[in-house]
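Please look over the sequence and the structure shown below before reading on.

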Amino acid sequence: MSVRRSNMRLILWGLMLTAAVLVIPHLDVLFRLWLPDAREVIYRRDSFVSLLGNHLAIVTAAGLIATLLGVGAGIAVTRHWGKDFLPLVAQLASIGQTFPPVAVLALSVPALGFGTLPTIIALVLYGLLPIVRNTLAGLQGIDDDVMEAARGMGMSSLQRLWQVELPLSSDIILAGIRTSVTINIATAAIGSTIGAKTLGDPLIAGIVNGNGAYVIQGAIVIALLALCVDSLFERIGCALPSYDQGRI
Amino acid sequence: MIRSPSNSVLVTLMLAALLTLLAVDVATLQPNRIVAGEGYSLRAIMGLDGLLLSLLPFMFATWLAWFANARRYVVIVVILLVYWVSWPWGMSLFAQAMIEPGQQAARVGIGPGLWVLLFLLLLMVLEVQTRLGMPHLGRWLLWSAILVSVAVPFWSGVLNDLALVREYQGNADDFAAALQYHTLLVGAVVVISLTLAVAMALAMRSHDGLKRSVFAILSVIQTIPSLALFGLLLAPLAWLSSQFPLLADLGVQGIGWAPAALALIGYSLLPMTRNTYVALDSIDPNVTEAARGMGMSRWQVFFHVRLPLALPVIVEGIRITSVQAIGLAAVAALIGAGGLGTFVFQGLGQAAMDLVLLGAVPIIVMAVLVDMALSGLAAVCRRGVANAEP
Amino acid sequence: MQNHDTPTIALDGVTKRFGDECAVDDITLAVNHGELCVLVGTSGCGKSTTLRMINRLIEHSDGQIRIEGQQIRSFDPDQLRRRIGYAIQSTGLFPHWSVSRNIGLVPRLLKWPPDRIAARVSELMAMLDLDPETFSDKYPAQLSGGQAQRVGVARALAADPDVLLMDEPFGALDPITRESLQDELLHLQGQLKKTIVFVTHDMDEALKLADRIVVMRAGHIVQQGKPADLLARPADSFVESLLGGRDLGLKHASLVPVAMRMSALNGECLPDDESVLDTDSLRDALSVMLWRDTFRLLVRDVNGNPIGILHWRDAIRGDDA
């Protein structure tokens, strides 16, 4: 996708998200038309702005930690000193991804209890997997001859990592982070069932109380958030040229 | 494929397991269903002598891993399996010792230390299996043994005092129904989306513009979080069922199976269509050209050349879709779609952790089993292709 | 600073074992300053392994390797590699870097000031016939095979190393490009006088480029010597077959310039198109004779002036020695 189109997409979704968060609280009349009998048609327990902020903070924190750990683990097991761990980590990353995120989230409760922190930890654990897997794929996919030349020219292992390996695998690693964050936005929404304050709150409250208006309001904001973040990654991806020649 | 004599991975995992067993509680005792249990360490249960005795084989395995070779790996696997097989029985002994006959509601639980140990044991088996380069059949036997050795004590009544089993017994009928429903929902979704995907892939092969817009729409759907998509389907479906009583009679409404199935199909379409399209599109034109050139009819080319070559990739699509659908169906329990997710959310609502486990663990096992089975099938298909090609 | 008595590269009883397998077995070899030494042999004979042991991409198991008298083990491997140029068949250019950045890699690793690097990069591009205007900002994916290999050679030469290791650098190129790059390498070597170890499986390439050929087989050196020596006295049937068996005579002829066998003009008049240059090889001359169905050829110098005559008897008589 061209840079201009991805800019447009990002701006479009961003504006729609902002508009939704700001305008929904004032749409009493509209929702009243749909649900004339409901006691309340706008979710007001928390403002959508604060829920959005909370949701973003949880996803961002989990994403940053998972990226650091995941890329770090991927680098570690592809170094000479860590290669013993490579088969196990690679298998773990691929088997772990078959675990449904909601099950991982649920299992974090018996282990860690209710609340925001257990949610973040569950998101980190689950979010690690696609990042590790893509980091491995990116680093291992680099043409052997390029690495041989880098060594032969006398680049130190750190120089090879920073100047050759990471730049050449950056687009694949980014794709992994994107997958991880996309899943985490969805899982964080479910996190409101284990006591994290997120955009899932209005949805869950709506389902529990049979209030369709809450459900729609939550759903719209979550969907727009996901699309907005996804197009942000699309835009970042545009800034990274891909180097097909360097990859097998 | 055994590289270095000392397997640092196994040694690390084993040391971690030893530390866990020494420091973290392995079992809990709960007076009733809701109250959090009291933790017991292995030492508290077995005494110092018993602790050391029970860890002795493990230390031996650690030593073997430090000087590993093919034969020692086999011994290590055997030791690991012994631990794996014996924990339910140990748990049963613990329950007999701790629960007095009158305490109807009392139950024992798996402590955090034991969870960690079980996880580490599985990792170790995985590691040894990789190092030994076990053949497919061997792996299947190994993992079947692991599964059966847990299933037997569960069903034989040995673990009747375990909280998880109590929870199961309290919900046995519901559990069977939920399992069946979950399977049915996922199965139906996979079949429907496969049919749709094949039709769309075939249509896209002849209309290039269609391809871009379909993939664009499908990837937008895939991006939207499941909970939101369920929510977004609520209003239109509710409206439909209020307008058309026939639909309402069929069970189509804002909550329940209808939005769940629709959303699941929506999510399944992207991986399924993409794989089907790629499978049909990436076949070397030289191959079909040669087939046509040798006088095969269009249908013969499709059935004897295209389909066998495409099959592994399509099966791979089914695998991705099924695993994804199993997880999403669990989320759908939130909107009243039923299935195993019901236990998870009920458990979370009642703060009954064992009910959460009763939902979450089978979901994971189901996802892993389906993943293994379908990747095995894809491998078989691929081997067929490899054999077909000279 | 160089002591010309000690060879620039010296391998002494060098052995490389991979597990139980012996890839290189007790090799002793000395390459002198300014010498272009070609290791040649069938694939798997250990020639690449030998080359890669010199810059410690592979560590040798036994024996000693010295560069200018110093054990290579006494250097830090990265530092060692920065002072040895290295070019490989697939070029190994970094796909995410422009041509000029690729060429400037080693000078940058050696922390040269930026303007010195820039000057050096344009000097090298000019030297290797790569127009800086056109090429400096291109990426490797945009280059043809020949251009990429020129960049690869330029990168190897960038920090002006005394020693250059080349691992089948022209192996993947089409015959015409390969030949022009071979000519260019010879031309460069005439000016730069590097000490080059060059690996190839192509005996014609070896004969054309080498000051000295080292024939390897199954980890051993079978024979080493000047190209003409090898052709005159192949050590065994293996070397003979590598040299091309019945083509041996023609290969030998290709090493001898026409100037060595021509005689003076005695006012004879020969047709214009039956002529060769004095720098052409006897092989070329014999080919022209066969084609033109003639026994004599006019010999001209580079300016086109007739300077002698080549008789077929002189062309095919035994060695000049």
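C:Thr91 counts as buried because its relative accessibility is 12%, where buried means under 20% relative accessible area, exposed means over 50%, and partly exposed lies in between, with a 1.4 Å probe and protein chains only. This is a predicted model, in which local features need pLDDT of at least 70 and side-chain atom pairs count only at pLDDT 80 or more, whereas totals for chains, interfaces and linings use all residues. Residues are numbered from 1 along each chain as its sequence is written, chains are lettered from A and ligands numbered from 1 in the order in which they are written, and side-chain values use heavy atoms, with hydrogens and water left out.

C:Thr91 is found in the loop between β6 (84-88) and α3 (99-103) of chain C, where helices (H or I, at least four residues) and strands (E, at least two) are DSSP runs numbered from the N terminus. Most residues other than glycine have a negative phi. The phi of C:Thr91, however, is near 70°, a positive value in a residue other than glycine. C:Lys111, which is not a glycine either, has a positive phi of about 60°, and this residue lies in the loop between α4 (105-109) and α5 (114-127) of chain C. C:Lys111 counts as exposed, because its relative accessibility is 68%.

## Chain C as a whole

Chain C has 14 helices and 13 strands, and its C-alpha trace spans about 65 × 50 × 40 Å along its principal axes. For 321 residues, a compact globule would have a radius of gyration near 20 Å, and the 22 Å of chain C agrees with this; the radius is taken over C-alpha atoms, and the globule rule is 2.2 Å times the number of residues to the power 0.38.

Of the 321 residues of chain C, 49% count as buried. Among the contacts in chain C with a separation of 6 or more, 63% come from residues 24 or more positions apart, a contact being heavy atoms within 4.5 Å. The chain exposes about 14900 Å², of which carbon and sulfur atoms supply 48%, by the Shrake-Rupley method with a 1.4 Å probe, and for residues only the protein chains shown count as cover.

## The nonpolar cores

In soluble globular proteins, nonpolar side chains tend to be buried together. The largest nonpolar core here has 173 residues, and those with the most contacts inside it are B:Met14, B:Phe58, B:Ile76, B:Met91 and B:Met124; such a core is a set of buried Ala, Val, Leu, Ile, Met, Phe, Trp, Tyr and Cys residues joined through side-chain atoms within 4.5 Å. This core draws at least three residues from each of domain 1 (8-163) and domain 2 (172-388) of chain B, with bounds that come from an automatic or database domain assignment.

Not counting residues up to four places away in sequence, B:Phe58 touches B:Met14, B:Ala17, B:Leu18, B:Leu80, B:Tyr83, B:Leu121 and B:Met124. A second, separate core has 90 residues, including C:Ile58, C:Leu80, C:Val121 and C:Val151.

## Between the domains of chain B

The C-alpha centres of domain 1 and domain 2 of chain B lie 36 Å apart, and the contact takes nine residues from each of these domains. Together the two domains bury about 740 Å², 70% of it on carbon and sulfur atoms, where buried area is the accessible area (1.4 Å probe) that two parts lose on being put together, summed over both. B:Arg33, B:Ile34 and B:Trp140 supply 49% of the area that domain 1 buries against domain 2 of chain B, more than any other three residues.

## Between the chains

Of the two pairs of chains that touch, chains A and B have the most contacts, with 40 residues of chain A in contact with 43 residues of chain B. These two chains bury about 3600 Å² between them, 82% of it on carbon and sulfur atoms. On the side of chain A, the residues that lose the most area to chain B are A:Asp84, A:Leu88 and A:Thr98, together 16% of what that side buries. Chain B and chain C, by contrast, do not touch, and their nearest C-alpha atoms are 11 Å apart.
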